Amino acid sequence: MKLASGYKAFWEAAHKNYPDQTKPGGNLDWAIALSSVVNAECSDRFAKPSARGWKSSLHAKLFPSYSTKVGALALTYKGLMNIKTPFDLALYTRLIWELQPRTILELGSLQGGSGLWFADQMSVLCESPGEVHSFDLHTKCIHVNAKHPLLIFHQVDLSEVAAFDENLLMRLPHPWLVIDDAHVQIFSIFSYLSRFLVSGDYYVLEDDPMRADKEIIDGLQLVEQSGFLIDTYYTDAFGSNFTSAPNAWLRKS
């Protein structure tokens with residue numbers, strides 16, 4: 001697995017070349033311990049949504065310090081707004097490397113900064129880069145500098161799932177990574193788009209799961225019935241559900 005290969009290689013090289021330093025108290029002991037903790041191949045990595053629920057006791061957008069919260073959300077990318085926390089950006093980088101997506105669908109473009117970031121990440125991390133398709137109603141807010149050969153913006157009213165171009169969706173190559181950051185009819189859109197996803201594709205629901213209200217709880221059943229599992233390697237990477245998508249890094253089984 002791509003995520004584990006670096007740690008495994010370090011472990012093997014250290015034990016072969018510096019066996020004394022890998023023992024408890026050795027100079028490389030801490031790195032060996034770290035490589036054993038970061039385990040992307042654990043047997044209980046994927047969990048049924050019904051086994052965890054949606055509620056998050058800790059997430060990145062409710063830092064105790066107001067200045068930390070604002071600072072985390074005020075990130076820019078190449079001068080453009082990119083309203084994602086440092087934790088989630090790190091998680092997306094990890095997932096793009098592991099998944100090697102051929103298609104990234106972003107729901108909610110805002111200024112185009114996040115779409116540009118995803119396109120750059122794909123171009124650097126993917127062995128066979130595909131395309132980033134970003135959807136929003138207010139496309140006139142997209143900055144002129146949000147341009148990339150892999151990035152395409154679409155003007156779509158996300159409150160109407162019929163507005164999606166079904167022919168486009170059917171021809172986009174897999175694996176897919178879908179990011180819903182639009183907060184509009186999230187489960188109606190999920191129900192519609194999930195029909196196009198195949199085994200191994202990912203669907204991330206940002207922000208909305210933090211509410212854990214009736215809509216979210218009812219949506220839990222839909223997610224599970226649609227054959228999706230929570231990837232706890234991402235939801236719990238920095239602590240239990242320390243992400244803006246608590247229990248919502250979803251992988252189609």
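In which loop is Ile83 found?

Guide: In this predicted model, Ile83 is found in the loop between strand S3 (80-81) and helix H5 (86-99). Ile83 has a relative accessible area of 33% and is therefore classed as partly exposed, the range for that class lying between 20% and 50%. Together with Met81 and Leu110, Ile83 makes a nonpolar surface patch of about 240 Å².

Beyond its neighbours within four places in sequence, Leu169 is in contact with Leu105, Phe164, Trp176, Tyr192, Leu193 and Phe196.

Most residues other than glycine have a negative phi, and most peptide bonds are trans. The peptide bond from His174 to Pro175, however, is cis, with omega near 10°; Pro175 lies in the loop between helix H7 (166-171) and strand S7 (176-180). In the loop between S7 and helix H8 (186-193), Gln185 has a positive phi of about 45°, and its relative accessibility of 44% makes this residue partly exposed. Asn247 likewise has a positive phi, near 55°, and is placed in the loop between helix H10 (232-235) and strand S10 (249-252). With a relative accessibility of 2%, Asn247 counts as buried because the value is under 20%.

Key:
Residues are numbered from 1 along each chain as its sequence is written. This is a predicted model: local features need pLDDT of at least 70, side-chain atom pairs count only at pLDDT 80 or more; totals for chains, interfaces and linings use all residues. Side-chain values use heavy atoms; hydrogens and water are left out. Contact means heavy atoms within 4.5 Å. Patches are made of residues with over 30% relative accessible area and no salt bridge: like charges are joined within 9 Å, nonpolar side chains (Val, Leu, Ile, Met, Phe, Trp, Tyr) within 5 Å. Accessible areas come from the Shrake-Rupley method with a 1.4 Å probe; for residues, only the protein chains shown count as cover. A salt bridge is a side-chain nitrogen of Lys or Arg within 4 Å of a carboxyl oxygen of Asp or Glu. Helices (H or I, at least four residues) and strands (E, at least two) are DSSP runs, numbered from the N terminus. Buried means under 20% relative accessible area, exposed over 50%, partly exposed in between (1.4 Å probe, protein chains only).
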